[in-house]
Amino acid sequence: MKIGILGAGMIGGTVGRLWAEARHEVTFGVRHPERLHSMLSGLGGKAMAGSALDAVAGADVVLAAIPFRAWPGVAAEIAAALGDKVLLDATVPDPPRDGARGDAALARKDGVAFAVAPLLPRAKLVRAFSTVMWTTLQSQAHRAGDRIGIPLAGDDAGAIALAGELVRDAGFDPVVVGPLSQARRFDPGTAVFDSGMSGRQVRAALGVA
């Protein structure tokens, strides 16, 4: 599968490496692609870097792992190329970093997802990889026994199925929570956020099958 990743930081870089190791074609979209030479060389030619537009235009699915404050500008840049593709949104507001935009997103009663969805209304948005620390993703992928749970929420059944497949390819257990309106159940401040729970534990905590 061709996967575009917006950002190559802790989450994007970690998940991108796991997907490259699973033989997906990964393109990181960043402002300075030349700075990723060292990281890309460690992936044995299984990943590339370019602009955000490069990453989105050739992708079957896109993962967003950018600072939350960057969303308005990035959304305007990629909207036409993204169209109605599947967008896995791993972005999490961090008020010290993201300022008023982060505060406003965290204060929403309908959840963080709805601070992003209106910016890219055609995209098939799925909240994914938004609850687990990058160090856990890095160290616990493909672990034996119960794997780390990755909650998913989105309104398109096909997008959810694709997200689940990619979560498994990265070495984790996809937990389908429900439509996008249910993503607030695993937003910052909830019981499962940054908990390191297994998929079984996440299901029990959220009461999902």
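Modeller: First, the terms: Ala, Val, Leu, Ile, Met, Phe, Trp, Tyr, Cys and Pro count as nonpolar, while Asp, Glu, Lys and Arg count as charged. The others are polar, Gly among them. Keep in mind that this is a predicted model.

Now the pocket. The largest pocket has a volume of about 830 Å³. Its lining is made up of 32 residues. Nearest the centre lie Ile11, Ala65, Ile66, Pro67 and Arg97. By class, the lining holds 19 nonpolar, eight polar and five charged residues.

Which helices each supply at least two residues of this lining? They are helix 1 (10-21) and helix 4 (71-82). Helix 1 gives the largest share, three residues.

Next, the backbone. Phe129 has a phi near 60 degrees, a positive value in a residue other than glycine. Phe129 sits in the loop that links strand 6 (124-127) to helix 7 (134-140). Is Phe129 buried or exposed? Buried means under 20% relative accessible area. Phe129 has 2%, so Phe129 is buried.

His142 also is not a glycine, and its phi is positive, about 60 degrees. His142 lies in the loop between helix 7 and strand 7 (149-154). His142 has 43% relative accessibility, so His142 counts as partly exposed.

Key. Residues numbered from 1 in each chain as written. Predicted model: local features only at pLDDT ≥ 70, side-chain atom pairs only at ≥ 80, totals over all residues. Heavy atoms only, no water. Helix = DSSP H or I, 4+ residues; strand = E, 2+ residues; numbered from the N terminus. Buried < 20%, exposed > 50% of the residue type's maximum accessible area, 1.4 Å probe, protein only. 1 Å grid on protein atoms, 1.4 Å probe; cavity = no way out; pocket = protein on both sides within 12 Å on 5 of 7 lines; lining within 4 Å. Points joined across faces, edges and corners; volume = space filled by probe spheres on them.
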